[in-house]
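Open the structure in your viewer and keep the selection tool ready. The tour goes stop by stop.

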Amino acid sequence: MGQAKLKQRAAFAPVLVDEWESEDCVNFAVALARVTGWLLHVDWWVPSLDPDNNISLEACRPLRVYVADNGTRIFDVRGNRSLGDFIHRTIRPMAVRHGMGGVRTRYYAESTLATLPLRCVPDPAKISSAVKAIETNTAYLASIPKRLEPCIPAAEAAEYTFGRCSAFAEAMRELAGLDPVALLAIRFEQGAEGTERGADGYVHSFVLHPDGLGEDSWGKVDVRDIAQRFGIVEFRLSREAHGRVVNNLQRNSPDLYEAAFAKAKELIQTYRQQ
């Protein structure tokens, strides 16, 4: 079956899409996160060309609530989309309506959404209705990869992807006896060259299994799959670089490191070893 027909089969009824989009997709996104276990995001318009400026959310404008995986796939009311397509076709046109500024992307636990200055707050009845619509649309659900079991809650897993990964790897060393390594980027795919990295190419820490697979807060997969999340197409692994990262954190931010390490152990003991 062609891609066009597959997309057509997975599409939601236009009346539902219109309703969800009129509320910035918050109820659909919460429903989808519950069904799939993937990560809730909000894109905000920020009144600055530097979206990382220290600007309070009250000065920002919510653009869209959506679900994404641990890489660059977006799960939206209009389908399973690439990050580039989502930004170009959805987020950018919304952002320019607010004038000069930037876009800030943040991920959240469901419990946090109700505390944010969203235009529409999550509605339990509408979320339940969206869950039913999602579960009925088997073609749409089939387009979304399943999370690996057992699943650490997505917002907490993300904390150890976009930061604190070295503490998670050290916790895995202590609890599972696995070998932590650093992922050092040599070459990125086109469009990912701006990925944040250290002077030696350091991007991420995880542990190696004896069979050669890697594991971090998102589970056990091929090491190439971990690299692909960051847009890396050529890399090397280094035990020494991981050790340097841990030593620097313990020296410069000992309290933050110890808190991250303790929480990582708790998550591993609760979800991985159950």
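**Stop one: a loop**

Select D24, which is buried, with a relative accessible area of 10%. The model you are looking at is predicted. D24 sits in the loop between α2, residues 14-22, and α3, residues 26-36. Its backbone is worth a look: D24 has a positive phi of about 60° although it is not a glycine. Most residues other than glycine have a negative phi.

Now select C25, which lies in the loop between α2 and α3. C25 also is not a glycine, yet it has a positive phi, about 70°. Is C25 buried or exposed? C25 counts as buried because its relative accessibility is 0%, and buried means under 20%.

**Stop two: helix α4**

Go to H88, a residue of helix α4, which covers residues 83-96. H88 counts as exposed because its relative accessibility is 51%, and the cut-off for exposed is over 50%. Next, select D200 as well and look at both C-alpha atoms. H88 and D200 are 32 Å apart in space, C-alpha to C-alpha, and 112 residues apart in sequence.

**Stop three: salt bridges**

Side chains of opposite charge can pair when their charged atoms come close. How many salt bridges does the structure hold? There are 21 salt bridges.

Begin with R81 and D76, which form a salt bridge whose closest N and O atoms are 3.0 Å apart. Both R81 and D76 are buried. Then extend the selection to E21, R64, D76, R78, R81, D85 and R89, which are linked in a network of salt bridges.

Move on to K263 and E156, whose side chains meet in a salt bridge at 3.8 Å, N to O. K263 lies in helix α12 (residues 254-272) and E156 in helix α8 (residues 154-159), so this pair ties together parts that are 107 residues apart in sequence. K263 is partly exposed, with a relative accessible area of 25%. E156 is partly exposed too, with a relative accessible area of 23%.

Finally, select E174 and K265, where the side chains meet in a salt bridge at 2.7 Å, N to O. This pair links distant parts of the chain: E174 is in helix α9 (residues 165-176), K265 is in helix α12, and they are 91 residues apart. E174 is partly exposed, with a relative accessible area of 46%.

Conventions: Residues numbered from 1 in each chain as written. Predicted model: local features only at pLDDT ≥ 70, side-chain atom pairs only at ≥ 80, totals over all residues. Heavy atoms only, no water. Helix = DSSP H or I, 4+ residues; strand = E, 2+ residues; numbered from the N terminus. Buried < 20%, exposed > 50% of the residue type's maximum accessible area, 1.4 Å probe, protein only. Salt bridge = Lys/Arg side-chain N within 4 Å of Asp/Glu carboxyl O.
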